[in-house]
Amino acid sequence: MICTVLGGFALTGCSGSNQADSADRSAAPATTMSAASGTSSGQTEHIAGESVTNPPKLPSGVALAQAASVKGNGELELGHITAQPLSVLVNCQGKGTLTVEVRPMGLRFPLECVASKVNTTYNELHLKQPREQGVVSVTAPSSVRWSLTVGQ
């Protein structure tokens, strides 16, 4: 397994083997991912200026789904997903663990949230084939407020 640290986001990315859903996670600037299980370590970073009242800004590409200032659970339709990198950016604040799942790609990762600051994570999934539709689900306690952007 090869890991790199990105200067801009100061997050760790690891490459791994392909899964049955043909997702290629190699060279993904993301939190540490296990290709076998489709999960990440949930490492977070506090980035000045991030909030939960606005959706996170996508570094490049077009947003497929966005949400802001959501408390508790939520689900967003992604529509058609092309065969290119899929980015998932999440900000959260409040005490508890938030879990994001992107279907049908099998990406699933936790984010530890704290009351005193906004925690941020960025995950990128390299897709080899398009999907007719996708869904991103967020599971979080009512004490956690979050914002999210998914894009390509």
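Analyst: β9 and β10 form a hairpin with three residues between them, and G106 in the turn has a positive phi of about 85°. Strands here are DSSP runs of E with at least two residues, numbered from the N terminus. This is a predicted model, in which local features need pLDDT of at least 70 and side-chain atom pairs count only at pLDDT 80 or more, while totals for chains, interfaces and linings use all residues. Residues are numbered from 1 along each chain as its sequence is written, and side-chain values use heavy atoms, with hydrogens and water left out.

User: In which sense do β9 and β10 pair, and over how many bridges?

Analyst: They pair in the antiparallel sense over seven bridges, where pairing requires that DSSP finds at least two bridges between the strands. Within this pair, L98 stands opposite L111 in β10.

User: And which residues are on the covered face of β10?

Analyst: The covered face of β10 has L107, F109, L111 and C113, whereas R108, P110 and E112 are on the uncovered one. In a regular strand, side chains alternate between the two faces of the sheet.

User: Switching to T99, is that buried or exposed?

Analyst: T99, which lies in strand β9, is buried because its relative accessible area is 17%, and buried means under 20%, exposed over 50% and partly exposed in between, using a 1.4 Å probe and protein chains only.

User: What is T99 in contact with, leaving aside neighbours within four places in sequence?

Analyst: T99 is then in contact with R108, F109, P110, S137, V138 and T139, contact being heavy atoms within 4.5 Å.

Key
Helix = DSSP H or I, 4+ residues; strand = E, 2+ residues; numbered from the N terminus.
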